[in-house]
Amino acid sequence: MQDEPDEAALEGCGLAKPTLSISSPTASRADTTVDFHISLDCKPARNPTVLLAPVRDGELGNNIYAALTKDQPTATVTITTGTENQLALALVWSTGLANKKAQGNVAYTD
């Protein structure tokens, strides 16, 4: 599980690009939604553009724009659950990030 960094511990990235992390939450199959926490590992000088998408049983869903800034380097993305066996949130496109791939997977408790 990728934890959300403590915002007080974040420092500026300098000229480097930040790395995006996506949490891997737990959920019951009876839950109607699940929250993924996305975060940058440092405060960027410029705001990155981040597009995420839910992945349901291997199929990409509709893109979700995440507005992360130097003043708000974390966010919560709430995804509606359905009848899928596997659910994830994946980074599908970005500018201004060091990583091109990141994914958080739901661990079902039942």
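Threonine 49 is found in strand β4. Strands here are DSSP runs of E, at least two residues long, and helices are runs of H or I of at least four residues, all numbered from the N terminus. The model is predicted: local features need pLDDT of at least 70, side-chain atom pairs count only at pLDDT 80 or more, and totals for chains, interfaces and linings use all residues. Residues are numbered from 1 along each chain as its sequence is written, and side-chain values use heavy atoms, with hydrogens and water left out.

**Threonine 49 and its contacts**

Threonine 49 counts as partly exposed because its relative accessibility is 26%. The classes are buried (under 20% relative accessible area), exposed (over 50%) and partly exposed in between, with a 1.4 Å probe and protein chains only. Beyond its neighbours within four places in sequence, threonine 49 is in contact with Tyr65, Trp93, Ser94 and Thr95. Contact means heavy atoms within 4.5 Å.

Tryptophan 93 is partly exposed, at 46% relative accessibility. Together with Leu60 and Val92, Trp93 makes a nonpolar surface patch of about 300 Å². Patches take residues with over 30% relative accessible area and no salt bridge; nonpolar side chains (Val, Leu, Ile, Met, Phe, Trp, Tyr) are joined within 5 Å, and like charges within 9 Å. Areas come from the Shrake-Rupley method with a 1.4 Å probe, and for residues only the protein chains shown count as cover.

**C-alpha separations**

| Pair | Apart in sequence | C-alpha to C-alpha |
|---|---|---|
| Asparagine 47 and leucine 68 | 21 residues | 6.5 Å |
| Threonine 49 and glutamate 11 | 38 residues | 19 Å |
| Glutamate 11 and alanine 30 | 19 residues | 39 Å |

Asparagine 47 lies in the loop between β3 and β4. Its relative accessible area is 48%, so asparagine 47 is partly exposed. Leaving aside neighbours within four places, asparagine 47 touches Leu68, Thr69 and Lys70.

Glutamate 11 belongs to the segment before β1. Glutamate 11 is exposed, with a relative accessible area of 60%. With neighbours up to four places away set aside, its contacts are Cys42 and Lys43.

**The disulfide**

A search of the whole structure finds one disulfide, defined as a pair of cysteine sulfur atoms within 2.5 Å. It joins cysteine 13 to cysteine 42, with an S to S distance of 1.8 Å. The pair links distant parts of the chain, 29 residues apart: cysteine 13 is in the segment before β1 (20–22), and cysteine 42 is in the loop between β3 (33–40) and β4 (49–56). The angle about the S-S bond is 100°, and the link of cysteine 13 and cysteine 42 is right-handed. Both cysteine 13 and cysteine 42 are buried.

**The salt bridge**

The whole structure also holds one salt bridge. The criterion is a side-chain nitrogen of Lys or Arg within 4 Å of a carboxyl oxygen of Asp or Glu. Glutamate 84 pairs with arginine 56, and their closest N and O atoms are 2.8 Å apart. Glutamate 84 lies in the loop between β7 and β8 and arginine 56 in strand β4, so the bridge ties together parts that are 28 residues apart in sequence. Glutamate 84 is buried, at 6% relative accessibility. Arginine 56 is partly exposed, with a relative accessible area of 28%.

**Side chain to backbone**

Threonine 81 has Arg56 among its contacts, along with Asp31, Thr32, Thr33, Val34 and Leu87, not counting residues up to four places away in sequence. Threonine 81 lies in the loop between β7 (74–80) and β8. At 15% relative accessibility, threonine 81 is buried. Its side chain reaches the backbone oxygen of aspartate 31 at 2.5 Å. A polar contact is a pair of N or O atoms within 3.5 Å; within protein, one must be able to donate a hydrogen and the other to accept it, and residues adjacent in sequence count only if both atoms are side-chain atoms.

Serine 23 gives another case. Serine 23 is placed in the loop between β1 and β2 (26–27). A polar atom of the serine 23 side chain lies 2.8 Å from the backbone nitrogen of histidine 37. Serine 23 is buried, at 5% relative accessibility.
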